[in-house]
Amino acid sequence: MMVRSLGQSFGIACVGLLALSSGAAFAQSNFPNKPIKYVVGFAPGGPSDLISRVVGAKMGEILGTQVVIENKTGAGGVIATDAVARAEPDGHTLLNAPLSTAVNETLQKSIRYSLGKEIVAVGPQAETANVLVVHPSLGVKTIAELVALAKSKPGDVQYATAGRGSATHLNHEYFDMIAGIKTTPVHYRGGGDAVKDLLSGQVKMMFSSIAPVQAFVKDGRLLAIATTGPKRDPAFPDVPTVAESGYPGFDVRLWMGVATTGGTPKDVIKKLDDANRKAVESPEVQKTLAAQGFAPIVGSAEDFDKFYRAERDKWAKVVTSAGMDKD
């Protein structure tokens with residue numbers, strides 16, 4: 001039987017550790033060394049899917065690898081986020097991270113992820129204002145008229161949402177809180193079904209993203225009474241903002257960025273950060289964003305981390321105020 005001395009054993013252990021660390025360093029410096037999976041928590045064809053595809057394709061071109069989109073729908077994006085949180089922390093799994101990702105940390109009681117722990121920021125990508133549209137039969141044409149109606153009939157005025165916890169739902173709850181009114185949500189399984197019933201007059205109003213309702217406003221089937229950004233939206237230059245309509249500082253935007261698995265090496269995140277920024281700055285990506293009613297957000301991983309945390313804190317107050325965390 002061969003018996004090693006303590007010194008020999010220590011030497012062998014050091015060699016093994018050096019080999020492992022060298023291998024890890026090589027993997028990091030050689031990133032990416034296989035296709036990147038880009039996980040989207042929503043169905044194909046929606047804004048999250050379309051923007052992830054165009055930005056992801058450009059990132060792949062910049063990084064010299066294939067970026068493959070994987071749609072993992074369910075639970076408002078939580079299933080997708082959980083999948084990325086459990087992935088190998090090597091930068092080869094990305095997450096489409098829209099507003100709902102931040103909100104779910106407060107809204108979902110069984111949540112198993114948090115930014116800065118199980119997932120980490122890579123960079124911002126795009127944003128758009130919402131527009132408050134009403135069916136003509138509601139009989140209001142301004143924010144002031146809507147608030148007066150809602151105050152005269154607390155809880156009677158119904159609004160459509162694309163689902164509980166969606167941006168459309170949160171936007172209404174935030175407006176109710178700021179305006180001191182009470183309206184009632186009618187939840188649908190997506191924006192398409194919500195807009196369909198809005199057009200028929202079954203529900204009377206909705207804070208919608210701009211692209212799905214723009215044509216209906218132009219043909220008069222819906223009325224746009226306010227947009228939600230800090231300034232008027234180019235799609236509706238004649239429509240005032242909510243802030244202009246008596247609620248200074250009101251600012252709600254649907255945004256999205258990209259994240260990855262917590263514990264991913266910083267140099268890998270830096271490569272992803274750089275690729276994401278270059279992709280968002282590219283003319284072809286910006287053209288696609290504009291077609292979807294989005295404006296680009298150019299920033300770093302640090303910028304997106306700060307922004308995400310601020311949005312998470314902001315919407316936590318709305319969720320608590322609306323009692324959504326008790327549902």
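## Stop one: a helix crossing

Helices α4 and α11 cross in a right-handed way (a crossing is right-handed if the near helix is turned clockwise from the far one by less than a right angle, left-handed if anticlockwise). Helices here are DSSP runs of H or I with at least four residues, strands are runs of E with at least two, and both are numbered from the N terminus.

Some housekeeping before you click on. This is a predicted model, in which local features need pLDDT of at least 70 and side-chain atom pairs count only at pLDDT 80 or more, while totals for chains, interfaces and linings use all residues. Residues are numbered from 1 along each chain as its sequence is written, and side-chain values use heavy atoms, with hydrogens and water left out.

Now select α4 (residues 99-107) together with α11 (301-321). The two pack at an angle of about 50°, and their axes are 8 Å apart. Axes are lines fitted to C-alpha atoms, for helices over the stretch in contact, and angles run from 0 to 180 degrees between N-to-C directions. The pair is therefore oblique (under 35 degrees counts as roughly parallel, over 145 as roughly antiparallel, 65 to 115 as roughly perpendicular, and the rest as oblique).

Show side chains at the interface. From α4 you get Leu-99, Thr-101, Ala-102, Val-103, Glu-105, Thr-106 and Leu-107, and they meet Tyr-308, Glu-311, Arg-312, Trp-315, Ala-316 and Val-319 of α11. Contact means heavy atoms within 4.5 Å.

Eight of its nine residues are buried, so the helix is largely enclosed by the rest of the structure. Buried means under 20% relative accessible area, exposed means over 50%, and partly exposed is in between, with a 1.4 Å probe and protein chains only. What do the buried residues of α4 pack against? Highlight α3, β3 (93-98), β4, α6 (167-179), β9 and α11.

## Stop two: Trp-315 and the cores

Zoom in on Trp-315. Beyond the residues up to four places away in sequence, Trp-315 touches Leu-99, Val-103, Leu-170, Asn-171, Tyr-174 and Val-252.

α6 and α11 pack at about 75°, with axes 10 Å apart, and that makes α6 roughly perpendicular to α11. On the α6 side, Leu-170, Asn-171, Glu-173, Tyr-174 and Met-177 make the contact, and on the α11 side the residues are Lys-314, Trp-315, Lys-317, Val-318, Val-319 and Ser-321.

Next, colour the nonpolar cores: sets of buried Ala, Val, Leu, Ile, Met, Phe, Trp, Tyr and Cys residues joined through side-chain atoms within 4.5 Å. The largest has 72 residues, and Trp-315 is among those with the most contacts inside it, along with Ile-143, Leu-146, Phe-175, Tyr-247, Leu-272 and Tyr-308. β4 gives the most to this core, with six residues.

## Stop three: the strands

Select β4 (119-134) and β9 (253-261). Nine bridges join these antiparallel strands; strands pair if DSSP finds at least two bridges between them. Click on Met-256 in β9: Ala-126 stands opposite, and Met-256 is also the bridge partner of Pro-98. β3 joins β9 through five bridges, again antiparallel. Eight of the nine residues of β9 are buried.

Then bring in β7 (205-209). Five of its five residues are buried, so β7 is largely enclosed. Met-205, Phe-207 and Ser-209 lie on one side, with Met-206 and Ser-208 on the other. β7 pairs with β4 in the antiparallel sense over five bridges, and Ser-208 is the bridge partner of Val-131.

His-135 sits in the loop between β4 and α5 (143-152). Buried or exposed? His-135 is buried, at a relative accessible area of 14%.

Asp-251 is in the loop between β8 (223-227) and β9. Its 18% relative accessibility counts as buried, and its contacts beyond four places in sequence are Thr-228, Gly-229, Pro-230 and Lys-314.

Finish at Thr-73, in the loop between β2 (67-71) and α3 (78-85). At 44% relative accessibility, Thr-73 is partly exposed. Draw a C-alpha to C-alpha distance to Val-40: 7.4 Å in space, 33 residues apart in sequence.
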